[in-house]
Amino acid sequence: MLKAQEYVESGKCWVVEMDLSKFFDRVNHDILMDRVSRVITDKPLLKLIRRYLNAGIMEDGLASPRTQGVSQGSPLSPLLSNVMLTELDWEIDSRGLSHVRYADDCNIYVKSEKAAQRVLN
């Protein structure tokens, strides 16, 4: 929130909102675990995270296995989404854009409507 406030106070009062559609439903477990393992080397913790990802979903009393996705709203989902979306942050940064992201929601702050339209496109 403080970073967003800083951007607005600097004159960047046009905001392009970005929400990655169905992000939490489509996370590839293997790609995510590869990225997590680049930062975490503790094997038991990596196994625990993998088990969490593979845990089935209970619907109408029936458990079904999960092969992709992360449970949205769980304590781990914001952390895992941040790991998964770090490269998106780097891409936005490389374009010189001011942004704030939490999980799959991102706001990009610009100074004019024309700039906002360019970013949106």
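**Chat: helices, sheet and a few buried residues**

Student: Which residues does Phe 24 touch, not counting residues up to four places away in sequence?

Tutor: Phe 24 touches Gly 69, Val 70, Gln 72, Ser 77, Ser 81, Ala 103 and Asp 104, leaving out residues up to four places away in sequence. Keep in mind that this is a predicted model.

Student: OK. Where does Phe 24 lie?

Tutor: Phe 24 is in helix α2, residues 23-26.

Student: And why does Phe 24 count as buried?

Tutor: Its relative accessibility is 5%. The cut-off for buried is under 20%, so Phe 24 counts as buried.

Student: How are Phe 24 and Gln 72 placed, along the chain and by C-alpha atoms?

Tutor: They are 48 residues apart along the chain. Their C-alpha atoms are separated by 6.1 Å.

Student: Next, helix α3. Which residues of α3 are buried?

Tutor: His 29, Leu 32, Met 33, Arg 35 and Val 36 are buried in α3. Seen down the axis of α3, these buried residues fall within an arc of 165°, so they line one face of the helix.

Student: Which exposed residues does the face turned away from the buried side of α3 carry?

Tutor: That face of α3 carries Asp 30 and Arg 38.

Student: What covers the buried residues of α3?

Tutor: The cover includes α4, α5 and α6, with α6 being residues 86-94.

Student: What caps the N-terminal end of α3?

Tutor: Asn 28 does. A side-chain oxygen of Asn 28 lies 2.9 Å from the backbone nitrogen of Asp 30.

Student: Now α4. Why does its span agree with what a helix should have?

Tutor: Helix α4 has 12 residues, 43-54. At 1.5 Å a residue, they should span 16 Å. The end C-alpha atoms of α4 are 16 Å apart, so the two values agree.

Student: Which residues of α4 are buried?

Tutor: Leu 46, Ile 49 and Leu 53. They cover an arc of only 60° around the axis, which puts them on the same side of α4.

Student: Why do residues three or four places apart point the same way?

Tutor: An α-helix has 3.6 residues a turn, so residues with that spacing point the same way.

Student: What about the other side of α4, which residues are exposed?

Tutor: Pro 44, Lys 47, Leu 48 and Arg 51 are exposed on the other side of α4. The buried residues of α4 pack against α3 (29-39) and α5 (77-84).

Student: And what happens at the start of α4?

Tutor: A side-chain oxygen of Asp 42 reaches to within 2.8 Å of the backbone nitrogen of Leu 45.

Student: Switching to the sheet. How many strands form the open sheet, and in what order?

Tutor: There are 3 strands in the order β1-β5-β4, with antiparallel pairing. β1 (14-19) and β4 (98-102) stand at the edges. Each has a single partner strand, so one side of each is left without a neighbour in the sheet. From one strand to the next, the twist averages 20°.

Student: How many bridges pair β1 and β5?

Tutor: 6 bridges, in the antiparallel sense. Val 15, for one, stands opposite Tyr 109 in β5.

Student: And how many bridges join β4 to β5?

Tutor: 5 bridges join β4 to β5 (residues 105-110). His 99 has Ile 108 in β5 as its bridge partner. Arg 101 has Cys 106.

Student: What do β4 and β5 form?

Tutor: They form a hairpin with 2 residues between them. Ala 103, in the turn, has a positive phi of about 55°.

Student: Is Ser 98 buried or exposed?

Tutor: Ser 98, in strand β4, has a relative accessible area of 9% and is buried. The side chains of Ser 98 and Lys 12 are joined by a polar contact of 2.6 Å.

Student: Which helix lies across β1 and β5?

Tutor: Helix α7, residues 113-120, running at about 15° to β1.

Student: Last one. Is Val 110 buried or exposed?

Tutor: Val 110 is in strand β5 and counts as buried at 6% relative accessibility. Among the residues Val 110 touches are Lys 12, Trp 14, Leu 97, Ala 115 and Val 119.

Notes. Residues are numbered from 1 along each chain as its sequence is written. This is a predicted model: local features need pLDDT of at least 70, side-chain atom pairs count only at pLDDT 80 or more; totals for chains, interfaces and linings use all residues. Side-chain values use heavy atoms; hydrogens and water are left out. Helices (H or I, at least four residues) and strands (E, at least two) are DSSP runs, numbered from the N terminus. The expected span of a helix is 1.5 Å times one less than its number of residues. Buried means under 20% relative accessible area, exposed over 50%, partly exposed in between (1.4 Å probe, protein chains only). The arc is that of the directions from the helix axis to the C-beta atoms. Contact means heavy atoms within 4.5 Å. A polar contact is a pair of N or O atoms within 3.5 Å; within protein, one must be able to donate a hydrogen and the other to accept it, and residues adjacent in sequence count only if both atoms are side-chain atoms. Two strands pair if DSSP finds at least two bridges between them. Axes are lines fitted to C-alpha atoms, for helices over the stretch in contact, and angles run from 0 to 180 degrees between N-to-C directions.
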